[in-house]
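The following questions and answers go through a structure one feature at a time, with the cut-off behind each term stated where the term is needed.

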Amino acid sequence: MRLPVEYLWLIPALPLAAAGVGSLTPRGGRALAADVAIAAMAGAFVLACLALTSALADPAAHQVANFAWFDLGGGALRLGWLLDPLTAFMAVMVTFVGLLIFIFSLGYMKEDPNFTRFFCFLSLFAAAMLGLIVANSLLLLFVCWELVGLASYLLIGFWFHKPSAAAAAKKAFITTRIGDLGLLLGMLWLYDASGSLLFYDGGAGVLEAPVLSTLAGQTLAGGLALSTAIGLLIFCGAIGKSGQFPLHVWLPDAMEGPTPVSALIHAATMVAAGVFLIARVYPLMSADLPLDVPMHALTVVAFVGAITALMGALIAVAQNDIKRVLAYSTVSQLGYMMLALGVGSWTAAIFHLLTHAFFKALLFLGAGSVIHAAHHEQDIRNLGGLAPRMKVTFATFAIGMMALAGVPFLFSGFWSKEAILHAAHGWDVSQVPFYVGLAAVVLTAFYMTRLVAETFLGRPRSDAAAHAHESPAVMTVPLGLLAAGAVVLGFLGTPACPWLQSRLAGTPLHSDLGHLFEGGGLMLLSIVLVGAGLGLGWWLYGRRLRAASTDRDPLAVAAPRTLGVLAGKFYLDELYAATVGRLNAALAWCADRLDRHVIGGAVEFLGKFGLFSGALNRELDEDAINAGFDRVNAGLRGSGIRYSRAQTGEPQGYLRVLAVAFVVLALLLIVGGVR
Amino acid sequence: MSFDYLLLTRALLPEIALVIGALAVLGYDLTLGRKLPNKDRLGAALGLGSIATIAALVDAVLVGRMGPVYGATLMLDSLAVATRIGVLALTLLTLGIAAGARTPRHPAEYVAIILFATAGFTLMAAANHLLVAFAALELASLSLYILAGYDKARVESAEAALKYFLYGAMAAAFLLFGFSLIYGLTGELELGAIAIRLAHTGMSPLLGIALVMVLVAFGFKAAAAPFHLWAPDAYEGAPTPSAALIASASKLAGFALFLRLLWPGLGAVAGGAPGAAIGWLTPVAIIVGASILLGNLAALAQGNVRRLLAYSAIAHAGAMLLGVMAAGVTGPGPLFYYAATYGVAAAGAFGVIAVIEVNGGCQRITDLAGLARRSPLLAGCLAVFVLSLAGIPPLAGFFGKFVVFAGALQVGGLMDPAGWLALLAIAMSAVAFYYYLVVLKQALVLPPAAGATRIRVPLTAGLALTLAAAALVVLGALPTLVLRYFG
């Protein structure tokens with residue numbers, strides 16, 4: 001069975017329908033809302049699998065189904081669906097991970113009074129995310145892009161009675177909006193330059209050779225190619241959505257949302273949308289440029305990714321909130337993916353995106369299981385000793401941790417990270433991203449060891465941790481499935497048999513076991529670095545386990561000032577508040593004055609004028625003409641004799657207007673016609 | 001010319017279905033339904049009426065675009081077929097509203113007259129001949145007078161019908177006088193033949209008078225200023241389903257007929273082209289400006305929700321007449337889209353009022369207070385209808401405005417009166433937000449008045465209103481569904 005591209009819209013339509021049902025379900029209909037959402041997600045998963053089979057039948061092809069949305073002047077604004085291996089793999093990942101997280105939420109959100117609303121928002125998010133993936137038009141993609149932003153806002157602020165959650169939702173929405181402005185401008189510019197927003201359109205789409213060569217051929221003032229400028233503007237959107245430096249500040253705060261939301265939106269899917277976007281418009285980003293052009297859009301992508309990867313990993317070292325450690329780790333890993341895109345290997349980026357989605361969702365759900373068991377205690381200094389109390393959670397969390405750290409051979413993160421490092425090593429522009437990547441490998445292994453040691457080992461350091469017990473099956477079964485994915489997925493893209501990469505790129509598959517350890521020196525180096533990170537983590541945190549919540553961190557003893565900077569997240573939030581925030585406040589003050597006194601005055605005058613003329617008109621209509629009738633009407637009720645007088649009384653007024661209007665218009669026409 | 005009666009019968013299948021349906025409604029009520037309580041008689045009549053309307057709808061689709069019929073007496077082109085379908089769909093909506101409104105005293109007659117009026121509307125949509133046009137218009141108008149005064153025990157209803165009738169009779173006299181002058185000047189009754197004659201003779205003072213007479217009559221039908229005076233009273237006093245029909249299907253059919261008469265028939269004397277003599281475009285432009293200004297400004301000061309809808313209808317009539325002006329360039333598509341979607345929104349708003357009325361009065365805007373708590377379904381539907389009337393983007397009302405104003409700007413850019421009027425209409429749309437939002441504030445934000453109870457929405461009416469709201473959303477998202485038909 002295959003899914004023809006014409007029916008691809010069914011994949012986002014199912015969760016959208018579930019969101020519609022959920023929005024109409026009263027608070028009491030908890031089972032209905034959840035069942036519909038999960039059933040829709042399961043249906044979408046089945047359809048996505050069918051779509052995958054039809055995409056893999058011819059992986060090099062881009063199947064499209066375009067249609068005219070509406071006519072505009074001479075042309076028509078067209079939208080469409082796109083089915084290729086990139087779309088299909090993403091759709092399968094989102095629906096599968098989404099389905100597991102939906103099921104996990106059944107347990108995690110059981111006691112929340114707004115359970116139905118939660119599932120409604122989750123379904124809305126899934127619909128928008130899937131719409132983003134199947135879109136064959138930058139416009140449709142942008143619409144869905146904004147919708148996932150909205151869903152993210154609603155879900156971060158789901159517990160809006162907490163001021164911190166409301167503020168985090170606002171911050172996420174506004175920060176990503178800054179990037180989206182770039183995306184919008186890029187989209188408008190692209191439409192202006194090419195007259196189309198369809199990705200693939202039988203040779204006329206913006207990602208196809210004829211349009212690309214015109215875009216790459218034009219140079220702007222400053223020597224920038226047009227395709228580079230548009231590509232960089234589109235990349236702004238990806239910076240905001242994927243939490244890249246300098247717009248990463250919203251992502252850690254977004255952890256105020258319920259943990260399944262963090263797993264689904266802020267780890268596995270939505271934040272990866274930026275990576276997906278760049279992979280989607282990769283032909284535009286990598287268009288062949290004339291030789292004298294100074295800058296390539298992908299160079300910027302590579303360096304932004306490298307900075308983000310290193311900075312996220314550094315900050316993660318100094319965080320004490322279990323979810324914030326994972327959040328900064330997400331920032332760092334997204335930087336990795338951007339790095340891979342920048343150095344020219346978009347298939348490695350998508351490979352890492354897919355494996356990361358599984359193990360990071362696993363880690364977040366594991367954290368959710370811990371938080372659920374420990375009565376919403378999230379500070380790792382107050383946890384500890386959970387391993388014997390929550391065996392399944394500990395085992396799966398450890399698998400996720402090893403996948404993220406890149407423990408060799410058995411875990412998926414190792415293979416996808418290898419692919420990225422390999423690509424970075426082969427980049428001919430600069431080796432800086434490669435060395436940054438290596439540094440991040442050490443740091444990742446280090447902070448994950450610290451996280452596991454502090455959370456699960458040693459003695460419980462609070463009552464909540466001491467009384468924790470394993471979560472119900474509805475939560476542990478998804479953990480197990482994700483853990484299986486976190487292991488198995490890596491084998492789809494080993495150097496010996498890079499099936500996933502070849503399917504994505506649409507190239508024939510060369511499998512040869514001899515290639516398994518290709519680039520052995522590089523692989524050995526990264527294994528050594530992973531070992532160093534794990535060892536260092538064990539030496540600092542595992543050897544002598546924390547005894548009480550108030551004990552100082554070993555790093556804080558060794559290098560208090562460095563750790564302070566890291567714990568303060570390089571003080572970027574403070575910097576933004578002091579510069580952009582101040583400027584914004586000043587501008588807002590000016591705008592407020594202008595609004596209140598200049599524009600407000602004018603509007604008030606206009607409004608008063610409108611009200612005055614409205615009242616005047618009503619007086620004329622109702623008092624002069626109608627009141628006469630009402631008076632007569634009162635008499636009408638009394639006697640039928642005066643009925644005739646009523647007839648002659650009132651309509652005269654109305655008909656007089658008609659007659660006068662007729663005469664005026666006729667005179668106008670006759671006088672004008674004669675002239 | 002060939003007179004093929006079989007072909008004529010085929011072309012008139014929708015009207016035949018409607019008339020048979022009306023007779024069946026009356027026949028059932030007089031025989032089997034006589035002993036039943038009023039409520040059941042209404043149910044049976046509405047059921048039969050709906051079947052007849054659906055049959056007519058199927059007929060209209062099946063008959064399709066036949067082109068000129070019976071020596072071009074009827075013209076079944078895109079506009080005619082689309083208008084027939086639109087009118088029949090709006091009638092179905094009206095019947096659904098009637099199911100949720102107060103039960104009238106003689107329900108079968110009420111439904112039968114709605115069906116007769118609808119037959120008039122569908123005939124208006126296809127009429128290509130002055131006499132057929134007049135007969136169709138009068139069939140529709142006379143039925144509407146009766147519907148407006150149906151609740152004759154209520155003084156307001158009688159007042160509304162009386163005013164409507166007197167004004168309408170006057171307008172009909174003007175129309176007939178205008179038609180006879182045109183006939184006298186050209187010697188033709190069929191629009192195509194009239195156009196050929198006028199292309200030779202051109203404008204004359206007598207023709208000018210005839211044109212203004214026709215405009216007066218249609219100004220009345222469309223409730224455009226300064227021929228609007230009947231509308232607030234009629235909307236206020238008429239039984240709610242009647243008001244819905246007057247505001248929706250009647251408008252759509254009127255505009256279709258008006259468009260056909262002015263462009264295919266009288267297009268030669270439109271004027272407006274550089275150097276040409278002044279024609280009917282000039283008085284129409286004045287009516288457009290007056291309607292948009294007066295309708296929107298007067299609506300600001302209304303405290304009565306029905307009168308507010310009436311003034312909003314006057315403003316919308318101005319915008320639709322702007323679509324008529326632009327139709328010479330754009331074709332009938334934009335105007336039809338606007339009129340049809342406006343009809344759905346306006347009839348829907350009256351439908352909500354009808355259901356509230358059964359649960360204790362709905363005249364003042366303040367009677368809507370707390371609707372969101374009294375009935376979330378009604379409040380949601382009302383929000384869609386009112387926001388569509390206001391022209392908020394995802395809804396059909398926005399696209400109607402968009403295509404009509406864009407069409408008006410295509411005529412001659414800002415060098416043409418149509419362009420100025422489009423700017424005026426856009427500016428006044430901003431003013432209009434105020435009074436639409438006043439309605440929504442009452443319905444969605446404010447708490448219900450003390451003692452207000454939950455509203456029980458009858459199944460049929462709830463279904464009809466939900467479908468109407470859904471149609472506005474779908475048509476707003478995919479305007480090509482309609483516009484493509486005129487491609």
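Q: Does B:Trp263 count as buried or exposed, and in which helix is its place?
A: This is a predicted model, in which local features need pLDDT of at least 70, side-chain atom pairs count only at pLDDT 80 or more, and totals for chains, interfaces and linings use all residues. Residues are numbered from 1 along each chain as its sequence is written, while chains are lettered from A and ligands numbered from 1 in the order in which they are written. A residue is buried if 20 or more other C-beta atoms, placed from the backbone, lie within 10 Å of its own, exposed if 12 or fewer, and partly exposed in between. B:Trp263 has 20 C-beta neighbours inside 10 Å and therefore counts as buried, and its place is in helix 12 (residues 249-265) of chain B.

Q: Which residues is B:Trp263 in contact with, leaving aside its neighbours within four places in sequence?
A: Two residues are in contact if their C-beta atoms, placed from the backbone, lie within 7 Å. The C-alpha atom of B:Tyr28, 235 residues apart from B:Trp263 along the chain, is separated from that of B:Trp263 by 44 Å. With neighbours within four places in sequence set aside, the contacts of B:Trp263 are B:Ala327 and B:Gly328.

Q: What radius of gyration does chain B have, and what would a compact globule have?
A: The radius of gyration is taken over C-alpha atoms, and the globule rule is 2.2 Å times the number of residues to the power 0.38. The C-alpha trace of chain B spans about 70 × 55 × 40 Å along its principal axes, and buried residues make up 62% of its 487 residues. For 487 residues the rule puts a compact globule near 23 Å, which agrees with the value for chain B, 21 Å.

Q: Why is helix 10 of chain A described as largely enclosed?
A: The buried residues of helix 10 (residues 259-268) of chain A include A:Val261, A:Leu264, A:Ile265 and A:His266. They pack against helix 3, helix 4 (115-134), helix 5 (138-156), helix 9, helix 14 and helix 15 of chain A.

Q: How are helix 13 and helix 14 of chain A oriented to each other?
A: Axes are lines fitted to C-alpha atoms, for helices over the stretch in contact, and angles run from 0 to 180 degrees between N-to-C directions; angles under 35 degrees count as roughly parallel, over 145 as roughly antiparallel, 65 to 115 as roughly perpendicular and the rest as oblique. The axes of helix 13 (residues 297-317) and helix 14 (residues 322-342) of chain A come within 7 Å and cross at roughly 160°. That angle makes helix 13 of chain A, relative to helix 14 of chain A, roughly antiparallel.

Q: Which helix of chain A gives the largest share of the side that touches chain B?
A: In all, 29 residues of chain A are in contact with 33 residues of chain B. The elements giving two or more residues to this side of chain A are strand 1 (63-72), helix 25 (572-638) and helix 27 (651-674) of chain A. The largest share, 15 residues, comes from helix 27 of chain A.

Terms used. Helices (H or I, at least four residues) and strands (E, at least two) are DSSP runs, numbered from the N terminus.
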